[in-house]
Amino acid sequence: MVPFKPFEVEQWMDTYENTPNVLNVAETCCSSISVDELSRFSDDKLNPLRIPTSLKLTYGPILGSPALRQRVAALCSDASRHCLTEDNVIITQGAINANFLVLYGLIGPGDHVVCAYPTYQQLYSVPASLGADVSLWALRPEAGYIPSVDDLSTLIRDNTKMIIINNPNNPTGAVIPSGILEKIATLAQEKGIILMSDEVYRPLFHNGHNDPSSPPPATALEYEKIIVTGSMSKAFALAGIRIGWVASRDRAILEKLIAARDYTTISVSQLDDHVACYALSLEVKDRLLERNVALAAKNLSLLKEFVDTHSDICHWTQPSAGTTAFIQFCLNGRPVEDVSFCKDLLQKTRILFCPGSLCFGGGKDFLGFVRVGYVCETAVLQEALAKLDKYVRQLVH
């Protein structure tokens, strides 16, 4: 049996997110969109989202429909750098399956992996479970959680097989700027190391999804041995269709992943593929992202107001992308015991956060931190912040 550690953030969510009357500000997807609302993003009065009733529900194209793969390829391209085609894309069942496929297909005993930290636990726990040695590449709050390339260079070994980044980052909401991203890719290229970029929160940049100042998808950089994973769940508010992807310009990498995929997935649902393809059509995609960026901006301003009001006990680096914020609560100059804090908060107010030390720090790092998923319905966040305000005022006094 492959040894693996409990997946703390997922177990926390599984345990508590169905608490009666919960105010779920731990969820990391943009507020989910309905099929009816998604349909209205198109000007086509014939409703292109309609599923053809003559469609036979076979497995469908094994790697995903050509149309969907083309639209994902466009997401992973940059016209001024490199453009991908459908042959550079594999469709998977969500980003969690995409990440697992990459690690399962490429990492094994004797390999060394460097992974940004904090990040989604899967990205470093799965390589460890496969027998790899993993070095955690610390992202420092004093640097705005932007990774240090100098730190990375000290972690690389002769047997380093992969460098893993998460851009935008979960849980901090930090974005790796273009210049730093290019330096990371250059270092990987000099050493012949695969660079994997989990971009599940892309392109939910708070300065707009088309802002030219935002970093390009990693697959658009000069180095070919780069892998990007993503999904329809976070930035596109469509977690329920379970569509994700792996993209790379390196054919040898893709062939290994396609071979490994036979052991994990035959195909994705044709119905899910159809919805995702519609959502990524140019007209609908832009309107959907405009809805989600606007929601993120509005809700972030509410969260910032709360943090500013309670700056004596709340400390953070304001996120610049994605749906999550990492906030530390301190009392009398010391971090709160975040697991107890989150449990007590849930019991007394029905507010659900994720405790940082448990879900992102292996029980020892990020003491006092909580992850807040703030791109929920605005009314839910407003109610949660009002109750949290009363709760923390009672703690202080």
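Domain bounds here come from an automatic or database domain assignment. The model is predicted: local features need pLDDT of at least 70, side-chain atom pairs count only at pLDDT 80 or more, and totals for chains, interfaces and linings use all residues. Residues are numbered from 1 along each chain as its sequence is written, and side-chain values use heavy atoms, without hydrogens and water.

**View 1. The two domains.** Domain 1 covers 8-36 + 286-396, and domain 2 covers 38-285. Their centres, taken over C-alpha atoms, lie 25 Å apart. Domain 1 brings 40 residues to the contact (heavy atoms within 4.5 Å) and domain 2 brings 44 residues.

**View 2. The area between the domains.** About 3500 Å² is buried between domain 1 and domain 2 (accessible area, 1.4 Å probe, that two parts lose on being put together, summed over both). Carbon and sulfur atoms give 56% of that area. In domain 1, Asp 286, Arg 287 and Leu 289 lose the most area to domain 2, together 20% of what that side buries.

**View 3. A salt bridge at the interface.** One salt bridge is found across the interface of domain 1 and domain 2 (a side-chain nitrogen of Lys or Arg within 4 Å of a carboxyl oxygen of Asp or Glu). Asp 286 forms a salt bridge with Lys 285; their closest N and O atoms are 3.2 Å apart.
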